[in-house]
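Open the model in your viewer and keep the selection tool ready. The stops below follow one another through the chain, each with something to select and a note on what is there.

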Amino acid sequence: MRSIWNGAISFGLVSIPIKLVNATENHSISFRQIHLADGGRIRYRKVCELDEEEVSGGEIGKAYEDADGTMIPITDEDLAQLPLPTAKTIEIVAFVPADRIDPLQMDAAYYLSANGVPAAKPYTLLREALKRSNRVAVAKYALRGRERLGMLRVVDDVIAMHGLLWPDEIRAPQDAAPDGDITVRDAELDLADALMDTLGEVDMDSLHDDYREAVEELVAAKAAGEIVLPAEPEDADDGKVIDLIAALENSVRAARSSRNAEGAGDGDDDSGMADVHPIKKTSSKTSGKTARTTAAEKTTGTAKTTGAAKKTTHRTPTGKTVTRSGSSTAKKSAPKSTGAKKSTSTTKKSAGGAGSAGSAGSRTTAKKTAKKTTAKTTAKTATKKAAPSRKRTSA
């Protein structure tokens, strides 16, 4: 990189020879002025007002214009003879915490490079001292015909210098704040916090100039003779915010959708992102209606279940068949027989669409089971009746 200034850093009695190099570069696209009629370039020529002749750069000097319009010539030799210690020196005047520097004062940025082998040792000493102290150096220096204020800090392994505006060059923010007493509600602040959390952080290296890229594409298309179609205009709201809460909620949703679209291919988990739902109030009347509706639904379901039960057929020990509905069977029990301890009941269920063969099979099974039960009961009864008679005979 080409140096734009050579001098030294004055660190107490230590002098560090350095070269000043621009730390930034301008990537903006510049345009030329042309004559619309024929496309000819418009140039500015430096012409003397007295003889109206064009002059070259070597014939041009500097002068100070007095209040009455008088020109007072000032040469480079005149400026070099000024008793200014910062003419060729970056003079460190103090070391302060970095937060003492107002970002509004930040101006151009430069890298300070050690100029020669002897400068390496004191350069490294100053760099490591700045690192360990966690402070920045405030310095004065002269550049382009004026004395300036600067801040020295460490960037990686290089000492960088930021040009600073003088404190009296910072304008007060008069009439910039909104007029009147404006109150911000907690709900609005909560939504603003949710939007900030959803947007999250950004990798500064991923940011780029979209406008410059669009201009480059436009120039390339016109150079190739292609027809450039106008872009579709985005929906504009004219900067009017009717409902701040609604605008914040929509912003949170839009930010979440954008983040989900970006992280879909990376498998990112956005469970930590903020979600906003409107709060719905439920009145006591609505709660009562809901409870009654639920109770009614449960009762109706019970009734349907009871009604769905089919008739049940019971065969008593005497051989009679008794048929009752499912609901009455649950409440009433079959009459007990003195000779029978157990009764077998077979329930016939209807399965909506079942064939006649299935029904006939169920009835046949029920009849067989009933006959077996009747035979066993009759045998047991006869045995019990015969036992007392044998006892009386033996007596």
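Start by selecting Q105, which counts as buried at 13% relative accessibility; buried means under 20% relative accessible area, exposed over 50%, and partly exposed in between, with a 1.4 Å probe and protein chains only. This is a predicted model, in which local features need pLDDT of at least 70 and side-chain atom pairs count only at pLDDT 80 or more, while totals for chains, interfaces and linings use all residues. Residues are numbered from 1 along each chain as its sequence is written, and side-chain values use heavy atoms, with hydrogens and water left out.

Q105 sits in the loop between strand 5 and strand 6 (106-114). Helices (H or I, at least four residues) and strands (E, at least two) are DSSP runs, numbered from the N terminus. Now show what surrounds Q105: leaving out residues up to four places away in sequence, Q105 touches L149, G163, L164, L165, W166, P167 and I170. Contact here means heavy atoms within 4.5 Å.

**The whole chain**

Zoom out. The secondary structure comes to 8 helices and 12 strands. Of the 395 residues in the chain, 16% are buried. Among contacts with a separation of 6 or more, 58% are between residues 24 or more positions apart. The chain exposes about 31,400 Å², and carbon and sulfur atoms supply 53% of that area; accessible areas come from the Shrake-Rupley method with a 1.4 Å probe, and for residues only the protein chains shown count as cover.

**Strand 1**

Select I9 in strand 1 (residues 3-11). Is I9 buried or exposed? I9 counts as buried, at 0% relative accessibility. Setting aside neighbours within four places in sequence, I9 is in contact with V14, S15, I16, I18, I90, I92, L112, L126 and L152.

**Salt bridges**

Side chains of opposite charge can pair when their charged atoms come close. A salt bridge is counted where a side-chain nitrogen of Lys or Arg is within 4 Å of a carboxyl oxygen of Asp or Glu. The count comes to 8 salt bridges.

Select R45 and E54, which form a salt bridge with their closest N and O atoms 3.5 Å apart. R45 is exposed, with a relative accessible area of 56%, and E54 is also exposed, at 51%.

Next select D76 and K62, whose side chains meet in a salt bridge at 2.6 Å, N to O. D76 lies in helix 1 and K62 in strand 3 (residues 62-65), so the pair ties together parts that are 14 residues apart in sequence. K62 is partly exposed, with a relative accessible area of 47%.

Move to R146 and E169, where the salt bridge is 3.3 Å, N to O. This pair links distant parts of the chain, 23 residues apart: R146 is in strand 8 (residues 146-155), and E169 is in the loop between strand 9 (158-164) and helix 3 (186-199). R146 is partly exposed at 37% relative accessibility, and E169 is partly exposed at 35%.

Finish this stop with R127, E128, K131 and D157, which are linked in a network of salt bridges.

**A nonpolar patch**

Show the surface and select Y64, I72, I74, L79, L82 and L84, which form a nonpolar patch with about 510 Å² of accessible area together. Patches are made of residues with over 30% relative accessible area and no salt bridge; like charges are joined within 9 Å, and nonpolar side chains (Val, Leu, Ile, Met, Phe, Trp, Tyr) within 5 Å. L82 lies in the loop between helix 1 (76-80) and strand 5 (89-97). L82 is partly exposed, with a relative accessible area of 47%.

**Helix 4**

Select residues 210-223. Helix 4 has 14 residues and reaches 20 Å from its first C-alpha to its last, close to the 20 Å expected at 1.5 Å a residue; the expected span is 1.5 Å times one less than the number of residues. What caps the N-terminal end of helix 4? D209 does, with a side-chain oxygen 3.1 Å from the backbone nitrogen of Y211. Helix 4 is followed by G225, whose phi is positive, near 80 degrees.

**Helix 5**

End at L248 in helix 5 (residues 244-263). L248 is buried, with a relative accessible area of 12%. Not counting residues up to four places away in sequence, L248 touches E188, L191, A192 and L195. Select D190 as well: L248 and D190 are 58 residues apart in sequence and 9.8 Å apart in space, C-alpha to C-alpha.

Technical notes: A polar contact is a pair of N or O atoms within 3.5 Å; within protein, one must be able to donate a hydrogen and the other to accept it, and residues adjacent in sequence count only if both atoms are side-chain atoms.
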